[in-house]
Amino acid sequence: MKTQSCERYLEDPEANAGHLAECEECRALFGETAVATKPLHIEALPLAPWEGAKHRPWPLVALVAFVLLAASVVLCRMAGVSAAEIADHVIGSMQARRAAVLGWADSLREASRAAQIGFVAAFVIVNAVLIALLRRAPRGIDA
Amino acid sequence: MRRILRLFLPLTIVAASLVTAMIAAPHPGNQLEMPFPLEHAASMMQESAVTVSLIAVWLLAAVGLTLMSGREVRSSSIELRHSALHCFTLGLVAVTSFVLTAIVFSYLIPFFVGVPLLFMLAVFAVITKIYGLVAVFHALGALIGGARTRDELASRNWLRGDLALAVLGLVVLGALRLIPVVGPVIWAGASVFGVGSALATKFGRREPWFLAVRTA
């Protein structure tokens, strides 16, 4: 039979510990459990990574963005570089990588049979290692 | 499903645009030369201007990605801090695999299938790099300015939360990137770490890449 005293105990077991001596039903349920329970102090637990994660400090973001943009504009003016030239530079560096890959492919076509077999072996080994590494489960804990 | 779309749709659009621009823009053949000679006139100033401008673009990417998928970025960042060596090894192997696979795909260009395969590989590589570097920003920010206790966290107004940590990491790594000679090496190393952490956590989703075969 659940009484008000039982409910008070359920709400705060530590403050109403004396209730167990009075109520046989609660004592049977919570009195001597097989698992030893200790009072839980949230403050004593280590800080979880998600705590405070949703906070969005817009002044900080705006400040950093302003400083970066201002520095970028000033440096571009001083160096005489336009935004189009920077975009050209980025695309150009990516094109250089593409050209390098195509160049390696061309030189491999003209390489000896042994070099081609070596490349195929390297391709298989690297991808086998990649698959083996991808099979490992992540370790970090994010509750 | 919505979370996956929210993360990958904008990233895929950005990556596909970059790769399309790379393919479509006029290029100087197979010569490895820059579109404008940075090395010649006032190269130091020009390089700094380009770097700072690119860091500003990275800020946009970091803020956008952290707002859209903060939990995934945090998950990859935690993995990076817990298993740094594994992430670095995985990143190195993955970058090598990208290059070797691109060479293999380039053999298939005459058979039509090579071009879409190369395009997809390039898009995937760009997505991995962008996501991974944002995870590195977050990890670096958490290492340098992350709160250790609840009191410390509660006392902070600005330097708390995923967004602040990602921005802090970007500022620190961006400042390191400005150092001549060493900066690009540090940035490239961070990219390798980022690619590794992105792949190790399957872009923060912490799901297995392959289905396990269970024998009866």
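At what angle do helix α3 (residues 70-82) of chain B and helix α5 (residues 114-145) of chain B pack, and how far apart are their axes? The legends below begin with this pair. The model is predicted, with local features needing pLDDT of at least 70 and side-chain atom pairs counting only at pLDDT 80 or more, while totals for chains, interfaces and linings use all residues. Residues are numbered from 1 along each chain as its sequence is written, and chains are lettered from A and ligands numbered from 1 in the order in which they are written.

**View 1. Packing of helices α3 and α5 in chain B.** The two helices pack at an angle of about 65 degrees, and their axes are 8 Å apart. Axes are lines fitted to C-alpha atoms, for helices over the stretch in contact, and angles run from 0 to 180 degrees between N-to-C directions. α3(B) contributes V73(B), R74(B), S76(B), S77(B), L80(B) and R81(B) to the contact, and among the residues of α5(B) are V134(B), H138(B) and L143(B). Two residues are in contact if their C-beta atoms, placed from the backbone, lie within 7 Å. By class, the contact has eight nonpolar, three polar and two charged residues. Ala, Val, Leu, Ile, Met, Phe, Trp, Tyr, Cys and Pro count as nonpolar, Asp, Glu, Lys and Arg as charged, and the others, Gly among them, as polar.

**View 2. The helices of chain B.** Chain B has eight helices and zero strands. Helices (H or I, at least four residues) and strands (E, at least two) are DSSP runs, numbered from the N terminus. Of the 216 residues in chain B, 43% are buried. A residue is buried if 20 or more other C-beta atoms lie within 10 Å of its own, exposed if 12 or fewer, and partly exposed in between, with C-beta atoms placed from the backbone.

**View 3. The side of chain A that touches chain B.** Here 56 residues of chain A are in contact with 63 residues of chain B. The elements of chain A that give two or more residues to this side are α4 (58-79), α5 (83-109) and α6 (113-134). α5(A) gives the most, with 18 residues. The residues of this side divide into 36 nonpolar, nine polar and 11 charged.

**View 4. G92(A) in helix α5 of chain A.** G92(A) counts as partly exposed because it has 19 C-beta neighbours inside 10 Å. The C-alpha atoms of G92(A) and D106(A), 14 residues apart along the chain, are separated by 20 Å.
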